[in-house]
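Open the model in your viewer and keep the selection tool at hand. The stops below go from strand to sheet, then to loops, a helix end and a pocket.

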Amino acid sequence: MFRKKPSKRKMTRYMDPENTSEEYWDGINQAFNLAGAQALWRAHSDRVNSRLLTDWLGGRDRADLLKTDLFDEAVSPGLFPCLQRHATHVHGIDISGDCVAAARRRYPGLQAMTADVRDLPYADDRFDCIVSNSTLDHFRERQDIDTALQQFWRVLKPGGELLITMDNLLNPVICLRNALPFSLMEKLGLVPYFVGHTLTPGGLKRTLQEAGFQSVETRSILHCPRVLAIPVSEVVRKHCMTEGQQRFLSLLMKFERLANWPTAGISGHFTAALAIKP
């Protein structure tokens with residue numbers, strides 16, 4: 001049975017920048033799933049993030065790993081298949097109950113619950129590893145980032161790892177996007193959901209160190225021009241067969257070679273950091 005694509009009016013209601021609660025993110029999840037929005041782009045994003053996870057987390061057994069955002073697993077295959085290769089038990093939280101339910105349906109082995117990263121419902125020293133990909137760059141205030149990092153520190157075991165990604169404020173597109181009103185970005189169709197305060201690579205490293213983390217390594221990822229790649233990927237998804245889509249995904253991955261260029265710090269859409277709780 002075919003489902004109707006959600007109307008622009010319905011999508012816009014969920015994009016109200018004043019409505020960043022559980023209801024807001026429930027609506028975003030529903031809209032993405034009904035429309036099949038950005039499915040090919042999400043596949044590319046999953047590939048890039050999975051490669052980073054394999055590089056940084058490979059070679060060590062972990063009992064418990066926490067993923068702080070389940071939007072990936074709710075609207076696409078996401079990162080769970082990669083994460084379960086690096087931990088015996090994979091836990092997940094999301095502020096959206098709909099995201100949690102969708103992720104559970106896709107992956108019954110995922111131990112997921114509805115929760116806010118600023119108030120994690122776990123005991124101290126609970127996890128061997130936390131993966132927080134593009135979670136903390138959706139808050140209005142810098143203080144919320146600091147609060148979430150304090151929670152990560154609390155629930156990580158000594159020697160535990162934090163792998164975090166945030167929008168890269170040195171990227172000119174991100175810098176311009178964050179300088180403009182969200183309502184304008186929505187009208188231009190440049191953002192599918194609310195984006196908030198974020199940091200430069202140096203700012204993220206300093207913030208992690210101020211929170212008490214050590215051995216902070218940073219890297220820039222997702223180097224293809226996202227503002228162009230997303231609309232092109234939608235055209236490819238709608239009009240190309242599987243073989244053509246796979247060739248397009250291979251082309252997008254070639255942009256990751258820019259990570260080795262001197263300009264990597266500004267071409268990457270995200271800054272990734274690996275930090276250790278001493």
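Is strand β5 (residues 156-167) largely enclosed by the rest of the structure or exposed, and why? Select β5: nine of its 12 residues are buried, so the strand is largely enclosed by the rest of the structure. Buried means under 20% relative accessible area, exposed over 50%, and partly exposed in between, with a 1.4 Å probe and protein chains only. Strands (E, at least two residues) and helices (H or I, at least four) are DSSP runs, numbered from the N terminus.

Before moving on, note that this is a predicted model: local features need pLDDT of at least 70, side-chain atom pairs count only at pLDDT 80 or more, and totals for chains, interfaces and linings use all residues. Residues are numbered from 1 along each chain as its sequence is written, and side-chain values use heavy atoms, with hydrogens and water left out.

**The neighbours of β5**

β4 and β5 run parallel, joined by six bridges. Two strands pair if DSSP finds at least two bridges between them.

Now show helix α7 (residues 142-155). Together, β4, α7 and β5 make a right-handed β-α-β unit. To check the hand, point the strands away from you: a crossover is right-handed if the path from the first strand over the helix to the second runs clockwise.

Next, select strand β7 (residues 270-276). β7 pairs with β5 in the antiparallel sense, over seven bridges. L163 stands opposite L274 in β7.

**The whole sheet**

Show every strand of the open sheet. Seven strands run in the order β3-β2-β1-β4-β5-β7-β6, with mixed pairing. The edge strands are β3 (111-114) and β6 (214-221), and each pairs on one side only. On average, neighbouring strands of this sheet are turned by 15° against each other, direction ignored. Axes here are lines fitted to C-alpha atoms, for helices over the stretch in contact, and angles run from 0 to 180 degrees between N-to-C directions.

Zoom in on β6. Six bridges pair β6 with β7 in the antiparallel sense. R219 has A272 in β7 as its bridge partner.

**Two loop residues**

Most residues other than glycine have a negative phi. Select S134, in the loop between β4 and α7. S134 is not a glycine, yet has a positive phi of about 50°. It is buried, with a relative accessible area of 17%.

Then jump to L222, in the loop between β6 and α11 (226-239). L222 also has a positive phi, of about 60°, although it is not a glycine. At 2% relative accessible area, L222 is buried.

**A helix residue**

Go to E210, in helix α10 (residues 201-210). E210 counts as exposed, at 63% relative accessibility. Draw a C-alpha to C-alpha distance from E210 to L149: 9.9 Å in space, for 61 residues in sequence.

What volume lies in the second largest pocket? About 150 Å³. Centre on N178, F182, F194, V195 and G196, the closest to the pocket's centre of its 13 lining residues. Helices α8 (172-179) and α9 (182-187) each give two or more residues to the lining.

A pocket is an open set of points on a 1 Å grid over the protein atoms alone, where a 1.4 Å probe fits, with protein on both sides within 12 Å along at least five of seven lines; lining residues have an atom within 4 Å of a point. Its volume is the space filled by probe spheres set on the points.
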